[in-house]
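Hi everyone, thanks for making time. Please bring up the sequence and the structure on your screens, and we'll walk through them together.

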Amino acid sequence: MSDTTNTDAPKSEPGRARALLSTADMKLLRRALESHARTTEDREELAKINALHHRLGTYVPSTE
């Protein structure tokens, strides 16, 4: 049996990374989190929402 692994093939560079979410997506997520934060009464969940909102804000500065 022959070995099917081709060790002579040139190794290509990985492609350029692409953003998963657009700036508009990030702004929409922030607004959704703000809305959810207003309606939740769970303090632990609110703390997590606030932390995530802050992290999203570091990537997309609020223009409001």
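Let's begin with T40, which counts as buried at 16% relative accessibility. Buried means under 20% relative accessible area, exposed means over 50%, and partly exposed is in between, using a 1.4 Å probe and protein chains only. Before I go on, a word on the source: this is a predicted model, where local features need pLDDT of at least 70 and side-chain atom pairs count only at pLDDT 80 or more, while totals for chains, interfaces and linings use all residues. Residues are numbered from 1 along each chain as its sequence is written, and side-chain values use heavy atoms, with hydrogens and water left out.

Back to T40. Where does T40 lie? You'll find T40 in the loop between α1 and α2. Helices here are DSSP runs of H or I with at least four residues, strands are runs of E with at least two, and both are numbered from the N terminus. A polar atom of the T40 side chain lies 3.4 Å from the backbone nitrogen of D42; a polar contact is a pair of N or O atoms within 3.5 Å, where within protein one must be able to donate a hydrogen and the other to accept it, and residues adjacent in sequence count only if both atoms are side-chain atoms. Not counting residues up to four places away in sequence, T40 also touches E45, L46 and I49, with contact meaning heavy atoms within 4.5 Å.

The chain has two helices and zero strands, and of its 64 residues, 16% count as buried.

Which residues make up the largest nonpolar core? They are M26, L33, A37, I49 and L56, five residues in all. Both α1 (23-39) and α2 (43-59) supply at least two residues of this core, and α1 gives the largest share, with three. By nonpolar core I mean a set of buried Ala, Val, Leu, Ile, Met, Phe, Trp, Tyr and Cys residues joined through side-chain atoms within 4.5 Å.

On the same terms, A37, in helix α1, is in contact with L46 and I49.

Next, please click on H53, in helix α2. Buried or exposed, what is H53? H53 is buried, because its relative accessible area is 18%. Beyond its neighbours within four places in sequence, H53 is in contact with R30, L33 and E34. From C-alpha to C-alpha, H53 and A37 are 9.7 Å apart in space, and they are 16 residues apart in sequence.

Last stop, L29. This residue is in helix α1, and L29 is partly exposed, with a relative accessible area of 37%.
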